[in-house]
Amino acid sequence: MTARLPFPTAAARELGNAQLRANLHRATRTIRGKRERMVAELPDWEALRVAGAAVKDDVLARLPELLEEFEAAATAAGAQVHWARDAAEAGRVVTDLVRRTGADQVVKIKSMATQEIGLNETLEAAGIEAIETDLAELIVQLAGDTPSHILVPAIHYNRTQIREIFARRMPGVDLATLTDDPPALAEAARRHLRERFLSARVAISGANFAVARTGTLVVVESEGNGRMCLTLPETMISVVGVEKIVSTFQDLEIFLQLLPRSSTGERMNPYTSMWTGVTPGDGPRQLHIVLLDNGRADTLADPVGRQALRCIRCSACLNVCPVYERVGGHAYGSVYPGPIGAILSPQLTGPRAGANRTLPYASTLCGACFDACPVRIDIPQVLVHLRQRGVDEARRRPSAERAAMGAMSWVMRDRRRYAAALRAARRAAAPVRLAAGRRGTVRRLPWPLAGWTASRDAPVPPRQSFRDWWLTRPDGGTGPHDDSAGPHEDGRTRSG
Ligand code: SF4
């Protein structure tokens, strides 16, 4: 789950896609509006947010104890609990479990934890086909693509594009009835998936929550496919990040109010499925729960960064983020895109972060994500914290930026040096002023300033500094203010 490209490179590529920007703008604006209306309905929304944050913080403070409580309760109810330190270990555990059943095909409910560990690819390498049953995940899988949004993985496609994907890639699809009407597309997906559900012997899920007191897993979704996965297959394997624990059902109640309003702008989830162990004659005969760390313990150790583990994956922060709206999820190159991805992914990958290190810079720090977050994760604070950490880590490594800052610091420590440098810079800027002409801005500066004009125009440097102009006033800058002595547009003063 480490990005292949640094964020600025990937974002520049995505920004060139006008269709993507139009699709994202339309979709995020619609979800934003719905969310705002649903949140405004609740007079105690702020109190709920505070409660949600407090419950999650309590969980993080008592995580080992609650995980043991969960394991004991789940085991007593007939589940088998496995522990996985990282993606490779989790992949091995799940692959072995599927192999033991003799199945070469599994159905899956949308699960970010399994995306995080690249489970589909691991299973494919072992000769096991994983079929996504969430409609949006299915679209992305058929397109050979990766999700672009936490909750609406196919947000970057419009319905005409989805029809084309179905027509080209969905086996046995009836082209005569396949239009780009949402009901026609949903019907085609339903027919396709029904056959897979009826033949699958193994299902794989994630979980939105895990209740420690009872060993119960909870999945909230809107299509009912998760419930099909829970009902028909003989073996159920749930891969659950350790931070998904809540202590009791009373705590769960808070999140079942916060999550639907923040995610899809609904009062409640269409389907909330809960399962505890196994019951003879009802549901799966074997239930395996894989508790996944994969960088969470390290994240927990950071007193500022750990608040990212409160996340309930509602995606509200993505839908309000001006950066996400323009570049989409693929630019982040990580399973978790948008503001939460910018703080969670580099922490989970830790020392292996690679291009994920650039993600904390994928933000304007406008703070909209914090306002929208139902569990009050102070995303801007964590972004600044991670940027600071990056700077600290690089402090001893030489870089062009560090050399430039060192030179600037030397110049600015002495007033005369600073004034002389400004005069030299203004003289050097003469050709730039000439090139800008009457426009007043420069579209492209040469290296090493090219980075500045890569995504914005630069203002033309003035001919004279304010300090120099002040000193040319008749009284030498010591008398009362006189506007009539202000500089001409060309930089000359009236007195000069
Ligand atoms: S960080 Fe907050 S707003 Fe963003 S997905 Fe997580 S819970 Fe939702």
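**Before you start.** The model is predicted, and for that reason local features need pLDDT of at least 70 and side-chain atom pairs count only at pLDDT 80 or more, while totals for chains, interfaces and linings use all residues. Residues are numbered from 1 along each chain as its sequence is written, and side-chain values use heavy atoms, with hydrogens and water left out.

**The whole chain.** Select the protein chain, whose C-alpha atoms fill a box of roughly 100 × 55 × 50 Å along the principal axes. The chain holds 23 helices and 12 strands; these are DSSP runs numbered from the N terminus, helices being H or I with at least four residues and strands being E with at least two. Of the 496 residues, 48% are buried, where buried means under 20% relative accessible area, exposed means over 50% and partly exposed lies in between, with a 1.4 Å probe and protein chains only.

Next select strand S2 (residues 105-108) together with strand S3 (residues 129-132), which run parallel and are joined by four bridges; two strands count as paired if DSSP finds at least two bridges between them. Within this pair, Val 106 has Ala 130 as its bridge partner in S3.

**The open sheet.** Move on to the four strands that form an open sheet of mixed pairing, in the order S8-S5-S6-S9. Strand S8 (245-246) and strand S9 (271-276) stand at the edges and each has a single partner strand, so one side of each is left without a neighbour in the sheet. Strand S5 (residues 209-211) pairs with S8 in the parallel sense over two bridges, and Val 211 stands opposite Val 246 in S8. Then show helix H12 (residues 249-263), which packs on the sheet and touches S5, strand S6 (216-221), S8 and S9; contact means heavy atoms within 4.5 Å.

**Helix H9.** Which residues of helix H9 (residues 159-169) are buried? They are Ile 162, Ile 165 and Phe 166. Seen down the axis of H9, these buried residues fall within an arc of 95°, so they line one face of the helix; the arc is that of the directions from the helix axis to the C-beta atoms. What covers them includes helix H8 (135-142) and helix H10 (182-199).

**Around the ligand.** Select the ligand and the 13 residues around it, of which Cys 311, Cys 314, Ser 315, Cys 317 and Cys 373 come nearest; a residue is near a molecule if one of its heavy atoms lies within 4 Å of it.

Finish with Arg 313, in the loop between helix H13 (296-300) and helix H14 (316-320), which is buried at a relative accessible area of 8% and has a positive phi of about 55° although it is not a glycine. Arg 376, in the loop between H17 and helix H18 (379-394), also has a positive phi, near 50°, and counts as partly exposed at 30% relative accessibility. Arg 352 lies in the loop between helix H16 (338-349) and helix H17 (368-372) and is exposed, with a relative accessible area of 54%. Leaving aside neighbours within four places in sequence, Arg 352 is in contact with Thr 2 and Asn 294.

Definitions and conventions:
Axes are lines fitted to C-alpha atoms, for helices over the stretch in contact, and angles run from 0 to 180 degrees between N-to-C directions.
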